[in-house]
Amino acid sequence: MLYKNNCSKKGTNKMSEVAIASAQTAESQLEKIDNTSLALRTTFPMDTPEGQDMAFAALQSSEPLSDHLGEVINLVHFMGQTINVMDETTGEMTVRVRTIILDEKGNAYSATSDQLLNSLVTLTAIYGPPAQWSTPKPIVVKESRSRRGFRFFTVVPAPKAGRAS
């Protein structure tokens, strides 16, 4: 068991407030050690060593999906993980979903686009869960902008020429 050490006192100068905020952030990081419930959902079972290895590898080594826009990805699975993201304008922390796409070669690609996750959920509503697919689903991820200028990703079927045989 880990124990908290609360031996710092809030000072009146700005430097002390920054140090305390930094210490509180570090403390919240340490609290994660006791909390083994990771907010994670996958389209593959994680009750086997193979599934657990696949999830861990994807979480640790995914490439930015933005580096692969417009490329054909032969989708076999996807997963979502809740993460804390700081708003660059306000400095406020918000919870977002990091979506990770897994291809047939074991490559993982990640992004924090709500629309990307929505597209993948729609795909599974139409084609069924990946465990029921006889072959990977060739997809292309495209970038779009909302009317307010926000960037988001969507999934479309790959052109027939780019599909795996």
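How many bridges join β3 to strand β4? Select residues 93-103, which make up β4, together with β3: 11 bridges join the two, and they run antiparallel.

Some ground rules before you click further. Residues are numbered from 1 along each chain as its sequence is written, and side-chain values use heavy atoms, with hydrogens and water left out. You're looking at a predicted model, where local features need pLDDT of at least 70 and side-chain atom pairs count only at pLDDT 80 or more, while totals for chains, interfaces and linings use all residues.

**Stop 1: the whole chain**

The protein chain has 3 helices and 7 strands, and from the N terminus on its elements run α-β-α-β-β-β-β-α-β-β. Helices (H or I, at least four residues) and strands (E, at least two) are DSSP runs, numbered from the N terminus. Of the 165 residues, 27% count as buried. Buried here means under 20% relative accessible area; exposed is over 50%, and partly exposed is in between (1.4 Å probe, protein chains only).

**Stop 2: following the strands**

Go back to β3. Strands pair if DSSP finds at least two bridges between them.

Next, select residues 40-42, which are strand β1. It's joined to β3 by 3 bridges, and the two run antiparallel. Zoom in on threonine 42, which stands opposite methionine 79 in β3.

β3 also pairs with β6, antiparallel, through 4 bridges.

**Stop 3: the nonpolar cores**

Show side chains for Leu65, Leu75, Ile101, Leu116, Ile139 and Val141. These have the most contacts inside the largest nonpolar core, which has 15 residues. β3 (72-86), β5 (108-111), α3 (114-127), β6 (137-145) and β7 (151-157) each supply at least two residues of this core. A nonpolar core is a set of buried Ala, Val, Leu, Ile, Met, Phe, Trp, Tyr and Cys residues joined through side-chain atoms within 4.5 Å. In soluble globular proteins, nonpolar side chains tend to be buried together.

Now centre on valine 141. Across the strand pairing, valine 141 stands opposite valine 155 in β7. Leaving aside neighbours within four places in sequence, valine 141 is in contact (heavy atoms within 4.5 Å) with Leu65, Leu69, Gly70, Glu71, Ile101, Leu116, Phe153, Thr154 and Val155. A second, separate core has 9 residues, including Leu40, Ala55, Ile100 and Ala108.

**Stop 4: the salt bridges**

How many salt bridges are there to find? The count comes to 3, with a salt bridge being a side-chain nitrogen of Lys or Arg within 4 Å of a carboxyl oxygen of Asp or Glu.

Start with arginine 96 and aspartate 114, whose closest N and O atoms are 3.9 Å apart. Arginine 96 lies in strand β4 and aspartate 114 in helix α3, so this pair ties together parts that are 18 residues apart in sequence. Arginine 96 is partly exposed at 26% relative accessibility, and aspartate 114 is partly exposed at 47%.

Then select glutamate 143. It forms a salt bridge with arginine 145, at 3.7 Å between the closest N and O atoms, and another with arginine 151, at 3.6 Å, N to O. Shared partners join Glu143, Arg145 and Arg151 into one network. Arginine 145 counts as exposed at 56% relative accessibility, whereas glutamate 143 is partly exposed at 34%.

**Stop 5: the largest pocket**

Finish with a surface view and select Arg96, Thr112, Ser113, Phe150 and Arg151. Of the 20 residues lining the largest pocket, these lie nearest its centre. About 600 Å³ of space lies inside. A pocket is an open set of points on a 1 Å grid over the protein atoms alone where a 1.4 Å probe fits, with protein on both sides within 12 Å along at least five of seven lines; lining residues have an atom within 4 Å of a point. Grid points are joined across faces, edges and corners, and the volume is the space filled by probe spheres set on the points.

Colour the lining by element: β7 gives the largest share, 3 residues.
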